[in-house]
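Reader: I would like to go through a structure with you, starting with its metal sites. Could you show it, please?

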Amino acid sequence: MIYIGSHISSAKGYEAMGKQARKLGADTFAFFTRNPRGGNAKAINPEDVEKFQIMARESHFGKLVAHAPYTLNPCGLKPEVRDFAFRAFREDLERMEAIPGNYYNFHPGSHVGQGTEKGIALIAELLNACLSREQRTTVLLETMAGKGSEVGGSFSELREILDRVELSEKMGVCLDTCHIWDAGYDIVEDLDGVLEEFDRIIGLDRLKAIHINDSMNPKGSRKDRHAKIGEGCIGAEALKRVAAHPRLAGLPFVLETPNDDAGWAGEIAMLRAAAGE
Ligand code: FE
Ligand code: FE
Ligand code: ZN
């Protein structure tokens, strides 16, 4: 079995997100910890969290996969960009303690011309500054498409980041199917081989969540444009095999497809059926 859901707006709080998830037939979901383009986060209401926790228990929700803002870039050149990354990351981790035991996923960063090695060092610096022994959240590095100067477009770059993090037990990886396809991993013809490579380089025990998306572009295009399931170059059959893969059983799957509620509900039902439920 798998847990599956979509991205849900956090504007109305946790209970509203839980209700929306149930409406779509979801048993997990993703949400932005603040406006995806940056800015400040809203205060957390403990009563709202309490109501959500009860609902999540009753409905047997899996772990949630919170998403950091896209503007969070620990490898920025400008000091204000780096300052925002450190401040938002610390604050978000603190806020995640209101719903302990879930995931906080982020795009590792873009080195903006400083080079991959320097980018990796700067990302590890952020993690070593912000992770704490006490936190109950696991931080996930997302696999990237390798667009522009993105760091994390290969499994080995993620490995290099993990190797530099002191509190490594607080770290995991979120695999985005659109991104790894765009980065050149052939999940259509050789899903087993890609997962074996992941296991050899990173370790499948580190794989904590899946972003399940089709891609508007061919393998290796380094573009990162998501498509609805079955309307892109990966295709529904290959993505159903991802949902049904025994080595991915039990993970939270998150749709980041350009869709509306009816579309997500349909994709959730399709992939759940493929996973054998
Ligand atoms: Fe993402
Ligand atoms: Fe993603
Ligand atoms: Zn993407």
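Reader: Is His179 buried or exposed?

Author: His179 is buried, at a relative accessible area of 1%. Here buried means under 20% relative accessible area, exposed means over 50%, and partly exposed lies in between, with a 1.4 Å probe and protein chains only.

Reader: What should I know about the numbers before we go on?

Author: This is a predicted model, in which local features need pLDDT of at least 70 and side-chain atom pairs count only at pLDDT 80 or more, while totals for chains, interfaces and linings use all residues. Residues are numbered from 1 along each chain as its sequence is written, chains are lettered from A and ligands numbered from 1 in the order in which they are written, and side-chain values use heavy atoms, with hydrogens and water left out.

Reader: Which residues coordinate the zinc ion (ligand 3)?

Author: The zinc ion (ligand 3) is held by His179 through NE2, Asp224 through OD and His226 through NE2, at 1.9 to 2.3 Å. A donor is an N, O or S atom within 2.8 Å of the metal (3.2 Å for Na, K and Ca), and since water is not among the atoms, sites may look incomplete. Along the chain, these donors follow the spacing H-x44-D-x1-H. His179 lies in helix α6 (residues 177–183) and His226 in strand β11 (residues 226–227), so the pair ties together parts that are 47 residues apart in sequence. Helices (H or I, at least four residues) and strands (E, at least two) are DSSP runs, numbered from the N terminus.

Reader: And how accessible are Asp224 and His226?

Author: Asp224 counts as buried at 15% relative accessibility, and His226 counts as buried at 19%. Asp224 sits in the loop between β10 (214–215) and β11. Its phi is positive, about 65 degrees, although Asp224 is not a glycine.

Reader: What is the distance from the zinc ion (ligand 3) to the iron ion (ligand 1)?

Author: The two ions are 5.2 Å apart.

Reader: Which residue bridges the iron ion (ligand 1) and the iron ion (ligand 2)?

Author: Glu142 does, and the two iron ions lie 3.1 Å apart. Glu142 is buried, with a relative accessible area of 0%, and His67 also counts as buried, at 2%.

Reader: Changing topic: what does UniProt annotate for residues 20–273?

Author: The unreviewed UniProt entry annotates this span as "domain: Xylose isomerase-like TIM barrel". UniProt positions are given in the numbering used here, feature names are shortened, and annotations may be inferred rather than shown by experiment. In the model, residues 20–273 are 39% helix and 15% strand, and the end C-alpha atoms of the span lie 21 Å apart.

Reader: Which residues of α9 are buried?

Author: They are Gly263, Trp264, Glu267, Ile268, Leu271 and Arg272. Seen down the axis of α9, these buried residues fall within an arc of 160 degrees, so they line one face of the helix. The arc is that of the directions from the helix axis to the C-beta atoms.

Reader: What do they pack against?

Author: The buried residues of α9 pack against β1 (3–6), β9 (207–212), α8 (236–244) and β12 (252–255), where contact means heavy atoms within 4.5 Å.

Reader: How do β1 and β12 run?

Author: They run parallel, joined by four bridges; two strands pair if DSSP finds at least two bridges between them. Gly5 has Val254 in β12 as its bridge partner. Strand β9 is also parallel to β12, through three bridges, and Ile212 stands opposite Leu255 in β12.

Reader: Which residues cover the faces of β12?

Author: Pro252 and Val254 lie on one side, with Phe253 and Leu255 on the other; all are buried, and both faces of β12 are covered.
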